[in-house]
Amino acid sequence: MAVSIGLPAHVTVARSVVINAPESALFPYLNDLHNFKDWSPWKKRDPDLDIAYSGNEKGKGAAIAWTSQKKSVGTGSMEITESEPNRRIGMDVNLNGLEGTSAFELAPAGSGSKLTWNFGFETGSSPLKRWKGLMLDGLVGTEYRAALDTVKEKIETERRPTVPTASIPVPGMMVPGTPGMAPMPGAELVPGAAAVPGAAMAPGTTVPMTVPPAGVQQAVPGAAQPAAGTPQAAQPEPQEVEPAPAPAAKPKKRQRRRTGQR
């Protein structure tokens, strides 16, 4: 008791972290206690943590209470008592019967923001509470540190720009329009697939030939095509040509048989 008289009557625990995001991105997230389950160190230690919400949806008047079957987590509650946009969120807190005040404080830090979570505890004249205040930094500080690291990771991950994945050509793959790209040896087109103009063809590549139906004029690449709706000139009908008569066979000369008589 004599030693406790010399201990401080008010104890404050604070932990800070610098986050690569503006205050305007952090404040709405922390001002909504429905996000408590995402960053709460007690939820991480007990996935079955029972959470109840009450009061306003967010901001001043919003409240939350939690209960755990694990003794290391226990019970707790928080209620927002003040909400100053992009600067401060004040709360009344009860951690396993340890009542105090807490706050999220935001401040610019370079290109990002500095987030500080503090907890204040009034020990009064009670020797027991003063001894609790002496151990407060080790007990609450560890929990606050874990929560701030989780908030930092989540906010920065959500704000990280996505880089489009560039397609890297595989050696031997034919890329239309890419000079110097060697085709895959022995590659064949799928039956019915059209060849890409200008694409290099591998030796032995087969291209299916499509014969147009009778009476249908096949388009020639590069030739001007008639506009839609323009009547096409009638094609002359093929005329039948009579075959030339075959030459008559020459008559055979009859040879006289020579005899011994004159």
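**Exercise 1. Salt bridges**

Task: Determine how many salt bridges the rule counts, and state where E105 and R88 lie.

Solution. 

Step 1. A salt bridge is taken as a side-chain nitrogen of Lys or Arg within 4 Å of a carboxyl oxygen of Asp or Glu. By this rule the count comes to seven salt bridges. The model is a predicted one, in which local features need pLDDT of at least 70 and side-chain atom pairs count only at pLDDT 80 or more, while totals for chains, interfaces and linings use all residues. Residues are numbered from 1 along each chain as its sequence is written, and side-chain values use heavy atoms, with hydrogens and water left out.

Step 2. One of these bridges joins E105 to R88, with the closest N and O atoms 3.4 Å apart. E105 belongs to strand 6 and R88 to strand 5 (residues 88–95), so the pair ties together parts that are 17 residues apart in sequence. Helices (H or I, at least four residues) and strands (E, at least two) are DSSP runs, numbered from the N terminus.

Step 3. Accessibility is classed by relative accessible area: buried is under 20%, exposed over 50%, and partly exposed in between (1.4 Å probe, protein chains only). E105, at 31%, is partly exposed, and R88, at 26%, is also partly exposed.

**Exercise 2. Strands 6 and 7**

Task: Describe how strand 6 and strand 7 pair, and state which residue stands opposite E105.

Solution. 

Step 1. Two strands pair if DSSP finds at least two bridges between them. Strand 6 (residues 98–109) and strand 7 are antiparallel and share nine bridges.

Step 2. Opposite E105 stands T116 of strand 7.

Step 3. The hairpin of these strands has two residues between them, and G110 there takes a positive phi near 65°.

Step 4. Strand 7 (residues 112–122) is mostly covered, with nine of its 11 residues buried.

**Exercise 3. Aromatic pairs and the core**

Task: Classify the ring pair of W39 and F104, and identify the residues with the most contacts inside the largest nonpolar core.

Solution. 

Step 1. Rings of Phe, Tyr and Trp (its six-membered ring) pair if their centres lie within 6.5 Å; planes under 30 degrees apart count as stacked, over 60 as edge-to-face and the rest as tilted. A search of the whole structure finds eight such pairs.

Step 2. The ring centres of W39 and F104 are 5.7 Å apart with planes at 90°, so the pair is edge-to-face. The pair links distant parts of the chain, with W39 in helix 3 (residues 36–39) and F104 in strand 6, 65 residues apart.

Step 3. W39 is buried at 2% relative accessible area, and F104 is likewise buried at 2%. Both belong to one aromatic cluster, formed by F36, W39, W42, W66, F104, W117 and Y144.

Step 4. A nonpolar core is a set of buried Ala, Val, Leu, Ile, Met, Phe, Trp, Tyr and Cys residues joined through side-chain atoms within 4.5 Å. The largest has 39 residues, and W39, M78 and W117 have the most contacts inside it. Helix 5 (residues 127–159) gives the most to this core, with seven residues.

**Exercise 4. The surroundings of T150**

Task: Decide whether T150 is buried or exposed, and list the residues that T150 touches.

Solution. 

Step 1. T150 is placed in helix 5. Its relative accessibility is 15%, and T150 therefore counts as buried.

Step 2. Contact means heavy atoms within 4.5 Å. Not counting residues up to four places away in sequence, T150 touches D38, W39 and K44.

Step 3. The C-alpha atoms of T150 and K44 are separated by 10.0 Å, although these residues are 106 apart along the chain.
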